[in-house]
Amino acid sequence: MKTLLMIDIQNDFVPDGALAVRDGDKIVPIVNALQSKFSHIVATQDWHPRAHKSFAANHVGEDVGNVIMLNGLMQILWPVHCVQHHKGADFVSELNMSNVAKIFTKGTDIEIDSYSGFFDNGRRKATGLGDYLAEVGTTEVYIVGLATDYCVKYSALDSLSLGFKTYLIEDACKGVNLQVNDVANAIAEMKAAGVVMLQSSEV
Ligand code: VGL
Ligand code: ZN
């Protein structure tokens, strides 16, 4: 069975959001149109407490973009984003959520970030997404969303590692590109691991 996995299509990741991804909003009509090809759809939601330690504002003397060690892991410091129960964490209003079977939140523990929809960055805790997909009989995961070089990439790699055949719908994802080649490198890394790249027109 095929599942469409929509990663973090939230206000803070589209233009005017706190961690805006260029053209992030452009994927929304593509994702909405893709939904008709799937009988099973799930979504992830970046869902941080305001005190989350991935926010530069929660560290004295640190700026956005700095890298620190956080509980033994390298952590890029981000602007305050996707704070629980705030508008920035809401799904983009134009995104069709009426077909979504289940939403998985991530990044809720202030001590560790969670790019992947499956596990935190230290693989210390699972969100439940992997077990859930297996229970409902998913064999193929089709990934769309934001951002290609962070949450999309780590979700795709974890999906593969859990044994799901994993597809990335390239034109239904957009990336941050902190460095100019980050998205291209992320795509190359996913491909090398075994993620199959598709265009929405091929689904
Ligand atoms: C994301 C950085 C921090 C993402 C989430 O959704 O790609 N990136 N939190
Ligand atoms: Zn985040």
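This is a predicted model: local features need pLDDT of at least 70, side-chain atom pairs count only at pLDDT 80 or more; totals for chains, interfaces and linings use all residues.
Local features require pLDDT of at least 70 and side-chain atom pairs count only at pLDDT 80 or more, whereas totals for chains, interfaces and linings use all residues. Residues are numbered from 1 along each chain as its sequence is written, chains are lettered from A and ligands numbered from 1 in the order in which they are written, and side-chain values use heavy atoms, with hydrogens and water left out.

**Zinc site**

D46 (OD), H48 (NE2) and H81 (NE2) coordinate the zinc ion (ligand 2) at 2.0 to 2.2 Å. Donors are N, O and S atoms within 2.8 Å of the metal (3.2 Å for Na, K and Ca); water is not among the atoms, so sites may look incomplete. Along the chain, the donors of the zinc ion follow the spacing D-x1-H-x32-H. D46 belongs to strand β2 (residues 41-46) and H81 to the loop between β4 (73-76) and β5 (100-106), so this pair ties together parts that are 35 residues apart in sequence. Helices (H or I, at least four residues) and strands (E, at least two) are DSSP runs, numbered from the N terminus.

The four donor atoms around the zinc ion subtend angles of 88 to 169°, which makes the arrangement irregular. Four donors count as tetrahedral if all angles lie between 85 and 135 degrees; four count as square planar and six as octahedral if opposite donors are over 155 degrees apart and all others between 65 and 115; anything else is irregular. Both D46 and H81 are buried; buried means under 20% relative accessible area, exposed over 50%, and partly exposed in between (1.4 Å probe, protein chains only).

**Ligand 1**

The residues around ligand 1 include D8, D46, W78, H81, Y115, A147, Y150 and C151, where a residue is near a molecule if one of its heavy atoms lies within 4 Å of it.

| Residue | Part of residue | Distance to an oxygen atom of ligand 1 |
|---|---|---|
| D8 | side chain | 2.7 Å |
| A147 | backbone | 3.1 Å |
| C151 | backbone | 3.1 Å |

D8 is found in the loop between β1 (2-7) and α1 (27-34) and is buried, with a relative accessible area of 0%. Its phi is positive, about 50°, although D8 is not a glycine. A147 lies in the loop between β6 (140-146) and α3 (148-161), and a cis peptide bond with omega of about -10° joins L146 to A147. Most residues other than glycine have a negative phi, and most peptide bonds are trans.

**Aromatic contacts**

The structure holds seven aromatic pairs. One of them, W78 with Y115, is edge-to-face, at 6.4 Å centre to centre and 80° between the planes. Rings of Phe, Tyr and Trp (its six-membered ring) pair if their centres lie within 6.5 Å; planes under 30 degrees apart count as stacked, over 60 as edge-to-face and the rest as tilted. W78 counts as buried at 5% relative accessibility, and Y115 is buried at 10%. One aromatic cluster is formed by W78, Y115, Y150 and Y154.

Note on methods
A polar contact is a pair of N or O atoms within 3.5 Å; within protein, one must be able to donate a hydrogen and the other to accept it, and residues adjacent in sequence count only if both atoms are side-chain atoms.
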